[in-house]
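Open the model in your viewer and keep the sequence panel beside it. Each stop below names a selection and then says what is there.

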Amino acid sequence: MRIRENVSLKNYTSYRTGGTARFFAEPSTTEELVECLAWAEKNSIEHFIMGGGCNLLISDQILDHTVIVLSNLNRHILRKHKKIYAGAGVLLDSMIVYTIRSYMTGAENMSGIPGTLGGALAMNAGAFGTEIGMLTDEIELLSADGSVFTVKGADAGFSYRKTLAVEGNIVLGGTFLFEEGDRAESERIRKEILRKRALKQPLEYPSCGSVFKRPEGHYAGELIERCGLKGKRIGGAMVSVKHANFIVNAGGATGSDIKNLIEEVKLIVLKETGVQLEEEVKYLGF
Ligand SMILES: Cc1cc2nc3c(=O)[nH]c(=O)nc-3n(C[C@H](O)[C@H](O)[C@H](O)COP(=O)(O)OP(=O)(O)OC[C@H]3O[C@@H](n4cnc5c(N)ncnc54)[C@H](O)[C@@H]3O)c2cc1C
């Protein structure tokens with residue numbers, strides 16, 4: 001497995017920001033991934049796992065990590081009756097399209113969520129009332145000691161944007177359960193969901209989706225808007241005018257611009273509304 005040196009991470013995140021990884025690898029099989037992990041351990045270099053980089057904000061510095069990108073890992077889909085096995089590197093949205101074309105239903109509401117299945121399982125990604133955890137029969141994981149094991153979906157500890165079973169482990173793939181569906185109806189739902197996303201979200205700018213989790217009893221976007229923060233900028237980072245829970249790269253933003261704006265929004269929202277916002281976005285290197 002080839003370990004590359006000094007690789008810019010900008011092209012690996014949806015924010016189009018991020019510094020340089022001292023060491024970098026893109027394994028496409030479990031064996032290659034195990035090799036990368038062994039190499040990092042032998043050289044006492046901490047590793048960091050990335051999927052599609054759609055929920056990540058990476059600092060602008062040189063990162064003394066081995067960054068392991070899994071967007072090519074086990075990129076295959078296998079169908080068995082109502083079950084589908086998909087590898088961690090398969091895009092969530094590609095699996096959704098595959099299910100619809102296979103006359104299976106259940107995942108349509110998550111149409112348009114960017115990123116890999118590995119990332120979706122780690123984050124328990126979801127939208128419009130459906131979360132990936134609801135469809136998960138089993139997660140296939142690699143543990144820190146190098147053993148491969150599976151956890152039933154019901155035992156995985158899925159909660160809002162969190163999956164306990166994935167913490168400290170690496171997702172290799174997952175098996176998902178669907179119902180038999182009507183392809184035309186599924187296509188209609190998917191189209192409608194994509195239309196709503198394009199209407200509400202600033203998809204024309206690089207972003208990480210929603211920056212903050214939904215606080216109990218509130219919507220983060222509403223609180224941010226109430227504080228008059230829509231359009232607020234630091235450097236190239238801007239609170240979206242279209243959807244206040246999106247902080248976008250409006251052009252030439254650095255990771256620090258975005259991080260500083262996130263901190264400022266949190267401070268102002270706490271002061272003005274008493275609500276402590278918590279990030280959904282994950283950080284590396286800050
Ligand atoms: C425009 C836009 C819209 C979005 N809309 C939504 C939405 O509606 N709902 C939603 O939930 N999210 C949304 N997101 C956020 C993002 O798409 C999801 O969180 C997605 O599941 C992240 O997948 P990823 O592969 O990009 O993960 P990454 O961003 O690469 O990683 C996210 C986290 O998962 C970990 N991880 C990644 N792969 C693995 C693996 N194989 N094993 C173990 N850990 C892993 C990483 O270490 C990191 O902690 C949106 C993002 C954008 C840019």
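Start where two domains meet: between domain 1 and domain 2 the count of salt bridges is 0. Here a salt bridge is a side-chain nitrogen of Lys or Arg within 4 Å of a carboxyl oxygen of Asp or Glu.

A note on the model: it is predicted, local features need pLDDT of at least 70, side-chain atom pairs count only at pLDDT 80 or more, and totals for chains, interfaces and linings use all residues. Residues are numbered from 1 along each chain as its sequence is written, and side-chain values use heavy atoms, with hydrogens and water left out.

**Stop 1: the domains.** Colour 4–69 as domain 1, 77–199 as domain 2 and 220–284 as domain 3. These bounds come from an automatic or database domain assignment. The C-alpha centres of domain 1 and domain 2 are 23 Å apart. Domain 1 puts 10 residues into the contact and domain 2 puts in 8, where contact means heavy atoms within 4.5 Å.

**Stop 2: the buried area.** About 640 Å² is buried between domain 1 and domain 2, with 82% of it on carbon and sulfur atoms. Buried area is the accessible area (1.4 Å probe) that two parts lose on being put together, summed over both. On the domain 1 side, select α1 (30–42) and β3 (47–50), the elements that give two or more residues. The largest share, 4 residues, comes from α1. Helices (H or I, at least four residues) and strands (E, at least two) are DSSP runs, numbered from the N terminus.

**Stop 3: the ligand.** Show the 36 residues around the ligand; I49, G51, P114, T116 and R197 come nearest. Near means that a residue has a heavy atom within 4 Å.

- N55: a polar backbone atom is 2.8 Å from a ligand oxygen.
- T116: a side-chain N or O atom is 2.7 Å from a ligand oxygen.
- V171: a polar backbone atom is 2.9 Å from a ligand nitrogen.

**Stop 4: a salt bridge.** The whole structure holds 18 salt bridges. Select D137 and K83: their side chains form one of them, at 3.2 Å, N to O. D137 is in strand β11 (residues 136–142) and K83 in strand β7 (residues 83–87), so the pair ties together parts 54 residues apart in sequence.

How values were computed: Polar contact = N/O pair within 3.5 Å; in protein donor to acceptor, adjacent residues only side chain to side chain.
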